[in-house]
Amino acid sequence: MLLIVCLGASTAGAEIGPPEKPDLKFGFIKLTDMAPLAIAWEKGFFMDEDLFVELEAQANWKVLLDRVIDGQLDGAHMLAGQPLGATIGIGTKADVITAFSMDLNGNAITVANDVWAQMEPHIEKNADGQPRHPISASALKPVLETYRNKNESFRMGMVFPVSTHNYEIRYWLAAGGIAPGFYAPHRGDNNGTLDAEVRLSVTPPPQMPATLEAGTIQGYCVGEPWNQQAVAMGIGVPVITNYEIWPNNPEKVFGVSQSWAEENPNTHIRVVKALIRAAKWLDENDNANRKEAVKILSRSDYVGADEAVLANSMTGTFEYEKGDVRDVPDFNVFFRHHATYPFYSDAVWFLTQMRRWGQIPEHKPDSWYQDIAKKVYRPDIYRQAAEALIAEGKMTAADFPDFASEDGYKPSQGTFIDGTPYNGRQPNAYIDSFAIGLKGEQKL
């Protein structure tokens with residue numbers, strides 16, 4: 001197995017050669033967290049790297065991944081789990097890597113109005129009468145009982161089997177004592193609904209509100225602006241953001257095929273340089289540029305949503321029920337907290353959830369998780385881009401992790417909604433700590 005561990009190698013001041021492939025086409029899904037791509041284009045950061053980039057919206061995450069793998073796209077805005085899932089053969093088998101994390105947070109879980117009305121009596125209130133957040137999925141249990149009594153399935157949407165959204169909604173449900181179901185790919189079952197109390201299914205992000213309104217699903221987990229769109233349409237209520245499930249959780253990445261990266265190393269580093277500058281622009285001066293970013297993203301060639309809806313989450317607030325607007329300054333983070341750095345520990349977390357819910361059907365040793373993370377997440381490439389930006393005076397060393405000491409693992413984290421601590425160096429101990437989910441040598 002190829003291992004790339006060269007965090008300690010110094011590349012300071014290394015000049016990046018000319019791009020091997022200056023004309024590029026990148027894919028994205030119509031979500032606010034594609035912003036670094038749009039800003040890198042609009043602000044000329046790609047042009048500064050002698051790159052001529054075409055950005056093209058894609059129909060759904062599967063199409064996007066397939067087009068990167070077959071070379072129709074040079075790279076794309078991806079779900080953080082997609083390069084990992086592809087590499088280990090979940091759904092598709094192909095070597096895909098990432099050297100750039102596009103953002104933190106940015107998702108929420110929304111339920112239909114009638115579901116919210118049934119949950120509300122079971123939710124604690126603040127002194128002002130507003131619901132107390134974060135809201136536990138335990139408030140959903142009486143609703144599920146009602147559906148069971150009618151012999152009806154309770155259905156919720158998520159965007160892709162290896163999406164952050166799938167793992168976040170499963171995490172929230174399980175933390176509230178609700179079983180979200182298992183996958184059993186070794187038995188040909190890739191639906192993820194074995195023993196499920198809530199049936200989760202794939203729905204493309206822009207179609208979530210319409211699917212909810214049609215009654216096909218009773219709730220969903222998606223990125224913005226599609227939760228705020230449900231509020232604007234008066235059809236649903238976001239009950240929890242993913243910031244409340246796991247503060248500053250990793251979300252999207254920029255992914256390319258490994259073969260493309262090997263054929264175009266200078267181009268790849270230049271792309272990452274442009275994206276880093278875009279991410280910094282989005283967060284600098286306490287999000288001072290966000291209103292301009294919202295105006296750009298609202299255009300039909302990018303996200304194509306109303307500015308007011310996009311601004312709800314992009315400018316530091318989030319609207320739960322209509323009129324219940326609360327400050328969530330870190331709802332979308334693009335650069336703060338070293339958001340752009342591809343941490344191995346983030347990759348390991350996604351792999352633990354794939355094992356927890358059966359997408360990885362068999363026990364793997366801790367070393368396997370570390371090896372896959374280091375094959376797919378490439379901070380060595382990120383470091384070359386960052387150090388080039390520092391050498392050029394476009395950014396400073398203070399903008400980045402201390403590369404001399406960074407090992408790619410965040411300190412142990414204990415801020416999840418259920419209080420379960422996570423240490424990326426001990427994936428099996430973490431998997432075994434959950435009450436709901438596969439553990440140890442267990443196999444369905």
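Q: Between which helices is the loop that holds Arg378, and with which side chain does the side chain of Arg378 make a polar contact?
A: In this predicted model, Arg378 lies in the loop between H16 and helix H17 (379-391). Its side chain makes a polar contact at 2.9 Å, and the partner is the side chain of Asp380.

Q: Is Arg378 buried or exposed?
A: The cut-off for a buried residue is a relative accessible area under 20%. Arg378 has a relative accessible area of 12%, and therefore this residue is buried.

Q: Where is Gln359 placed, and which side chain does the side chain of Gln359 reach in a polar contact?
A: Gln359 is found in the loop between helix H15 (344-356) and helix H16 (366-376). With a relative accessible area of 7%, Gln359 is buried. Leaving aside neighbours within four places in sequence, the residues in contact with Gln359 include Ile90, Pro161, Val162 and Met354. The polar contact of its side chain, at 2.6 Å, is with the side chain of Tyr167.

Q: How many salt bridges does a search of the whole structure find?
A: Side chains of opposite charge can pair when their charged atoms come close. A search of the whole structure for such salt bridges gives a total of 30.

Q: How many residues apart are Arg299 and Glu42, which form a salt bridge?
A: The closest N and O atoms of Arg299 and Glu42 are 3.0 Å apart in this salt bridge. The pair links distant parts of the chain, with Arg299 in the loop between helix H13 (290-297) and helix H14 (307-314) and Glu42 in helix H1 (residues 35-42), and the separation is 257 residues.

Q: What are the relative accessibilities of Arg299 and Glu42?
A: Both values fall between the cut-offs of 20% and 50%, and therefore Arg299 counts as partly exposed, as does Glu42. The relative accessible area of Arg299 is 34%, and the relative accessibility of Glu42 is 26%.

Q: Which residues of H1 are buried?
A: Six of the eight residues of H1 are buried, so this helix is largely enclosed by the rest of the structure. H1 is followed by Gly44, whose phi is positive, near 80 degrees. The buried residues of H1 are Ala35, Pro36, Leu37, Ala38, Ile39 and Ala40.

Q: Arg290 and Asp283 form a salt bridge; how far apart are the closest N and O atoms, and are these residues buried or exposed?
A: Arg290 counts as buried because its relative accessibility is 1%, and Asp283 counts as buried because its relative accessibility is 5%. In the salt bridge that joins Arg290 to Asp283, the closest N and O atoms are separated by 2.6 Å.

Notes:
Residues numbered from 1 in each chain as written. Predicted model: local features only at pLDDT ≥ 70, side-chain atom pairs only at ≥ 80, totals over all residues. Heavy atoms only, no water. Helix = DSSP H or I, 4+ residues; strand = E, 2+ residues; numbered from the N terminus. Buried < 20%, exposed > 50% of the residue type's maximum accessible area, 1.4 Å probe, protein only. Polar contact = N/O pair within 3.5 Å; in protein donor to acceptor, adjacent residues only side chain to side chain. Contact = heavy atoms within 4.5 Å. Salt bridge = Lys/Arg side-chain N within 4 Å of Asp/Glu carboxyl O.
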